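Hi everyone, thanks for coming along. I'd like to walk you through one structure this morning, so let me put it up on the screen.

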Amino acid sequence: EIVDDDADVLIASCFGFSWTGKKAGKRIYWTGENWYRVDDPLPELEGRRIIDCFDMVYSFDYNEHGNHYRAPLYMLDCVVKGISDFGTVIRRKTKDQLRAEFPGRKFCTFVQGNELSPFRNEYFHRLGAIGRVDSFGPVFNNTGVIVDRAGKIEKTRDYKFAVAFENSAYAGYVTEKLVDALVSDVIPIYWGGSRVGEEFNQKAFVDVGSLGVEQSLALVREL
């Protein structure tokens with residue numbers, strides 16, 4: 001039974017603070033977004049931290065608090081995709097193996113609905129100086145085609161690279177974007193989670209955050 005108050009278990013996320021003041025036997029919080037850290041004092045909570053308001057907190061953060069569990073969005077996304085063996089994502093093929101399959105493939109895809117990422121937007125234009133970047137999302141659309149996530153994966157299979165930038169950079173913040181590119185068997189050009197190499201094989205993607213803009217673009221040209 002779902003109730004509005006006085007529940008056995010309260011489950012909340014990052015989309016507002018309507019859960020404040022609600023009674024519950026146990027309180028669980030999950031977020032896949034990096035809008036704020038769960039251990040930051042928040043004015044919406046009168047200076048309290050989210051991690052102090054819940055019995056269990058799941059987030060992208062690397063946090064050793066006793067009631068915190070790391071569960072970034074990409075892990076949930078693998079469950080949704082039916083990926084039970086995470087090893088199939090961390091990499092079926094290296095960049096060098098994929099390069100052997102490149103003849104006949106187009107250059108790069110870009111599928112984004114959020115235009116509020118200046119660094120990602122600028123990188124799109126820098127890549128365009130190397131080859132045509134086909135956009136299948138609302139941002140910079142140059143194909144006349146808009147695809148959903150399933151369509152993005154299928155479209156991307158015909159390309160060498162896919163831009164897989166997060167909306168912003170933060171340690172531990174890794175969403176579905178990198179996984180989508182990996183399961184498409186292309187080389188992701190990734191930026192966002194600064195510790196992504198601790199959980200994914202860096203030989204499988206171009207890590208812009210680690211390499212920097214110029215070196216990453218040089219690697220794309222080489223591949």
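Before we start, one term: two strands count as paired here if DSSP finds at least two bridges between them. And please keep in mind that this is a predicted model.

Let's begin with the sheet. Five strands make up an open sheet with parallel pairing, and the order across it is β6-β5-β7-β8-β9. Which strands sit at the edges? They are β6, residues 133–135, and β9, residues 206–207, and each of them pairs on one side only. If you follow β8, residues 187–191, you'll find two bridges linking it to β9 in the parallel sense. Across from Val206 in β9 stands Ile189. Packed on the sheet is α6, which touches β7 and β8, and its direction makes about 170 degrees with that of β7.

Now for the pockets. The largest pocket holds about 350 Å³ of space. Its lining counts 19 residues, and nearest the centre are Val3, Asp4, Leu10, Ile11 and Trp19. By class, that lining has ten nonpolar, three polar and six charged residues.

The second largest pocket has about 240 Å³ of space. Of its 20 lining residues, Val111, Gln112, Lys152, Lys177 and Asp180 are the closest to its centre. Which elements give two or more residues to this lining? Those are β5 (106–110), α5 (149–156), β7 (159–165) and our α6 (176–183). The lining of this second pocket divides into nine nonpolar, five polar and six charged residues.

Notes
Residues numbered from 1 in each chain as written. Predicted model: local features only at pLDDT ≥ 70, side-chain atom pairs only at ≥ 80, totals over all residues. Heavy atoms only, no water. 1 Å grid on protein atoms, 1.4 Å probe; cavity = no way out; pocket = protein on both sides within 12 Å on 5 of 7 lines; lining within 4 Å. Points joined across faces, edges and corners; volume = space filled by probe spheres on them. Nonpolar A, V, L, I, M, F, W, Y, C, P; charged D, E, K, R; others polar. Helix = DSSP H or I, 4+ residues; strand = E, 2+ residues; numbered from the N terminus. Contact = heavy atoms within 4.5 Å. Axes fitted to C-alpha atoms, helices over the stretch in contact; angles between N-to-C directions.
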